[in-house]
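The exercises that follow are meant to be worked with the coordinates open, and each task is followed by a stepwise solution.

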Amino acid sequence: MLSLERLRILHAIDAYGSVSAAADVLHVTTSAISQQMGKLERETGQQLLAKNGRGVRLTDAGRLLSGHADRILSMVELAHSDLEAHRGAPVGTLAIGAFPTAARGLFPRVLAALRDEHPQLRPYLEEMEPQEAVPRLMRGDIDLAVVLDWYNKPLPLPDGLAKAELLDDVADVAVPSGHPLAGREWCDLEDFAGDDWIGWPPGEFCHEWLVFTLRGKGLEPRIAHAAEEHHTQLALVAAGLGVAITPRLGRGPVPEGVSIVPVRHTMRRHVYAAWRADADRRPSIRAAVEALRRAGAER
């Protein structure tokens, strides 16, 4: 009989492209991955991995079995969902990925509510950006993802996912207190034609959005510095190193030396929860989404 855990490892190697990447995702060592793949090859009587330079690639037999593993893991998820639904109560572990400001602005209330209302449920939260969360959700590494897109740049979701809208989050512009626009009732993005920007690292969805939006206003963005965390961005703004987009969700106290200016044509982020459609009946998913909706309405 084929081992489900070894099939999961093979599928992860196929999905992530290397043994080391699969090991990172599955939180095991590369030697453990190699040992399990050796056992799987003996179980199947087939060579599943072949050397490819310094790495490995799946053989034809490996790709064939990985395709079956994808369907098998989906069926296991569906069985888990049906059993949990039959029991009728949120129980067990629920792995959640959320972008940092949602983790900070929503999840303290959400996790506390789930602990009090569903003591047999064990939610586990991990911060991750949408471009990481969506593939991990599709591959079954997490059960629920809280992701975002912008009013003018949707985040494409693959087939096979369900989603629920949680809230709209308004974003303002943070400027140094000595900036000419500090204290204004509102501003337009075009007012910052001569400013440097504090943005997100290249490759992140929000970095792409910032470049796309500024160019849409006829501005060629001068991104002087990049930081993942909004608190770091605000610290750089306070030092007079540029201006930054700052969403209101999870913002917290604004540091000394920073002024917040609303934008006349409101910039909004759409925040929503996503999960695999084959897990739709799981009470734990439904409980977490309901808690997220309440937290979104209360902020």
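Helices (H or I, at least four residues) and strands (E, at least two) are DSSP runs, numbered from the N terminus. The model is a predicted one, in which local features need pLDDT of at least 70 and side-chain atom pairs count only at pLDDT 80 or more, while totals for chains, interfaces and linings use all residues. Residues are numbered from 1 along each chain as its sequence is written, and side-chain values use heavy atoms, with hydrogens and water left out.

**Exercise 1. Describe the protein chain as a whole.**

Step 1: The secondary structure of the protein chain consists of 10 helices and 11 strands, and its C-alpha atoms fill a box of roughly 70 × 50 × 30 Å along the principal axes.
Step 2: Of the 299 residues, 47% are buried, where buried means under 20% relative accessible area, exposed over 50% and partly exposed in between, with a 1.4 Å probe and protein chains only.
Step 3: Taking contact to mean heavy atoms within 4.5 Å, residues 24 or more positions apart account for 75% of the contacts with a separation of 6 or more.

**Exercise 2. Find which residues of helix 7 are buried, and what they pack against.**

Step 1: In helix 7 (residues 130–138), the buried residues are Pro130, Ala133, Val134, Arg136 and Leu137.
Step 2: These buried residues pack against helix 1 and against strand 4 (121–127), strand 5 (144–150), strand 6 (161–176) and strand 11 (267–276).
Step 3: Just after helix 7, Gly140 adopts a positive phi of about 85°.

**Exercise 3. Characterise the packing of helix 1 with helix 3.**

Step 1: Two packed helices are described by the angle between their axes and the distance between the axes. The axes are lines fitted to C-alpha atoms, for helices over the stretch in contact, and angles run from 0 to 180 degrees between N-to-C directions.
Step 2: For helix 1 (residues 4–16) and helix 3 (residues 30–44), the angle is about 110° and the axes are 9 Å apart.
Step 3: Angles under 35 degrees count as roughly parallel, over 145 as roughly antiparallel, 65 to 115 as roughly perpendicular and the rest as oblique; helix 1 and helix 3 are therefore roughly perpendicular to each other.
Step 4: From helix 1, Arg6, Ile9, Leu10 and Ile13 meet Ile33, Gln36, Met37, Lys39, Leu40 and Glu43 of helix 3.

**Exercise 4. Do the corresponding analysis for helix 6 and helix 10.**

Step 1: Helix 6 (residues 107–117) packs with helix 10 (residues 283–298) at an angle of about 135°, the axes being 9 Å apart.
Step 2: That angle makes helix 6 oblique to helix 10.
Step 3: On the helix 6 side, Phe107, Arg109, Val110, Ala113, Leu114 and Glu117 take part, and they meet Ala287, Ala288, Ala291, Leu292, Arg294, Ala295 and Glu298 in helix 10.
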